[in-house]
Amino acid sequence: MILAAVSTKKKGTPVFLCKSAPVEAVVGKPAAAFAKSAGFDPKKPALLLVPDAKGGIECALFGTGSDLTPMDPGRLSRMLPTGDWQLDGDIADQSLAALSFMLGSYSFSRYRKPRANTPRLVMPTGVDANAIGNLVEAIFNARDLINTPTNDLGPAELEAAIRAVGKRFKAKVTSVVGDDLLKKNFPMVHAVGRASASAPRIVDLTWGNKDHPKVTLVGKGVCFDSGGLNIKPGDSMVLMKKDMGGAAATLALAQMIMAANLPVRLRLIVPAVENAISGNAFRPGDVLSSRKGLTVEIGNTDAEGRLILGDALAWADEEEPQLLVDMATLTGAARVALGSDLPALFCDHEGFAAEILASSVRVNDPLWRMPLWPAYRKDLSSEVADISHISKGPMAGSITAALFLQRFVAKAKAWAHIDTYAWINAEKPWAPIGGEAQAVRALFETISKRYPA
């Protein structure tokens, strides 16, 4: 598809990206003279509109400084006036520049009017507008889901969103809901979600030729996390509408795969729950059974995401997929270690990890690999169950969480776990403050290189 922010014209008003080189070398003497008189400095991030002889706009100058990144053009989609624009000047990667422009045009407008200015981008020569449009549409869908509060996006609504994407691409979507989770052997999903007025569920989307390589995605779908009986303080609870960011990200990745018609047998599994508080909420000290057959001692009800992922991963693993990827807003420890910009990558396969990291550099979608350090497995020991779901101390929380998940994966040829923040705290060139599908473009690049259309 081609989004509205893409111009259908073949030529637009040029906007020149300027680093520290003389402006004259980029735009010529007349425009450079005007820029000088206006005090334009290419070393400082700023936009200057250069008038023409008739009172219109001849061109625009965008100062980027010497530390220009491939995603900086995203700022232009929020700075330029309405019209058709084409990128020019110091651009190393036209595709990433166009992508960033498109991503930067996002605005969450479900509850208020969208912003008025709508600059449109004339796609650079050789850049596939439809391919970029498919990526952008999937990411925008994920952002919308993450930004939507739980009163409008509980487990049932998240299932509906998955079904809508599945219907578009003629995928098969089924679900197991409420007490049927116990009948179908998803006891941890049921335990975490049973206290909510919105029934817990596990949603299963399948698409593609069954003879193609199996690529399975699992996304954490905690639509709101109160912390359960280990209730969160208010400051920690305020953004918990984003605790289904892993589900939104994997749905975006699934949408990209289907839109590109990659030759894979795709499966998306989303356990969707609300971790609420009521008389039947699960408790610290409870021992839960699991689909895997392991018994799990509960140390803290605020570590619920790994429980629902445990059942979902065990189910996914039964099919022995070639690639198994889960994404989750799982631990604060990953954010303490890496901050909000860097999702943590855990992977049990060196080759697959290397592919993901190389892809993340190519498409400017960063991750940082963390270790599945086997010596820390002892920290998940329990005196009453097969395993505790949290460690007994405050150290290495993201690693022990990943090690817990690893106990539910045995047959997949390669498994990767992404601990993501799924949120932008401060405006980026390619995104406003709000929900974000981090690491999705890196993963799509990896899968599409391995299984090209």
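Predicted model: local features only at pLDDT ≥ 70, side-chain atom pairs only at ≥ 80, totals over all residues.
Leaving aside neighbours within four places in sequence, which residues is Phe-346 in contact with?

View 1. Phe-346 belongs to strand 14, which covers residues 344–347. Its relative accessibility is 0%, so Phe-346 counts as buried. Apart from neighbours within four places in sequence, the contacts of Phe-346 are Met-370, Pro-371, Leu-372, Ser-398, Ile-399, Ala-402, Trp-415, Ala-416 and His-417. Among these, Trp-415, Ala-416 and His-417 are residues of strand 17. Phe-186 is 160 residues from Phe-346 in sequence, and the two C-alpha atoms are 24 Å apart.

View 2. Strand 17 comprises residues 415–419, and five of its five residues are buried. Trp-415, His-417 and Asp-419 point one way from the strand, while Ala-416 and Ile-418 point the other way. Strand 13 (residues 323–328) pairs with strand 17 in the parallel sense, over five bridges. Strand 14 runs antiparallel to strand 17 and is joined to it by four bridges. Asp-419 takes part in both pairings: Asp-419 is the bridge partner of Ala-328, and Asp-419 also stands opposite Ala-344.

View 3. Helix 10 is made up of 15 residues, 245–259, and should span 21 Å at 1.5 Å a residue; the C-alpha atoms at its ends are 21 Å apart, which agrees. Of the 15 residues, 14 are buried, so helix 10 is largely enclosed by the rest of the structure. After the helix comes Asn-261, in the loop that leads from helix 10 to strand 10 (265–275). Asn-261 has a positive phi of about 55°, although it is not a glycine. Most residues other than glycine have a negative phi. With a relative accessible area of 53%, Asn-261 counts as exposed, because the cut-off for exposed is over 50%.

**View 4. Trp-207 and the nonpolar cores.** Not counting residues up to four places away in sequence, Trp-207 touches Phe-169, Lys-170, Ala-171, Ile-257, Met-258, Asn-261, Leu-262, Val-264, Arg-265 and Leu-266. The largest nonpolar core has 88 residues, and Trp-207 is one of those with the most contacts inside it. In soluble globular proteins, nonpolar side chains tend to be buried together.

**View 5. Arg-267 over the ring of Trp-315.** Arg-267 lies over the face of Trp-315, at 4.4 Å from the ring centre.

**View 6. Strands 9 and 10.** Strand 9 runs over residues 221–225, and five of its five residues are buried. Strand 9 pairs with strand 10 in the parallel sense, over four bridges. Within this pairing, Asp-225 stands opposite Asn-275 of strand 10.

View 7. Strand 11 and strand 12 (residues 296–297) run antiparallel and are joined by two bridges. Val-287 has Glu-297 of strand 12 as its bridge partner.

View 8. Asn-364 is placed in the loop between helix 13 (350–362) and strand 15 (368–369). Its phi is positive, about 60°, although Asn-364 is not a glycine. At 27% relative accessibility, Asn-364 counts as partly exposed. Thr-69 is found in the loop between strand 3 (57–63) and helix 3 (76–79). Thr-69 is also partly exposed, with a relative accessible area of 33%. Thr-69 and Leu-324 are 255 residues apart along the chain, and their C-alpha atoms are separated by 31 Å.

Conventions. Residues numbered from 1 in each chain as written. Heavy atoms only, no water. Pairing = 2+ DSSP bridges. Expected span 1.5 Å × (residues − 1). Buried < 20%, exposed > 50% of the residue type's maximum accessible area, 1.4 Å probe, protein only. Lys NZ or Arg CZ within 6 Å of the ring centre and 35° of its normal. Core = buried A, V, L, I, M, F, W, Y, C linked by side-chain atoms within 4.5 Å. Contact = heavy atoms within 4.5 Å.
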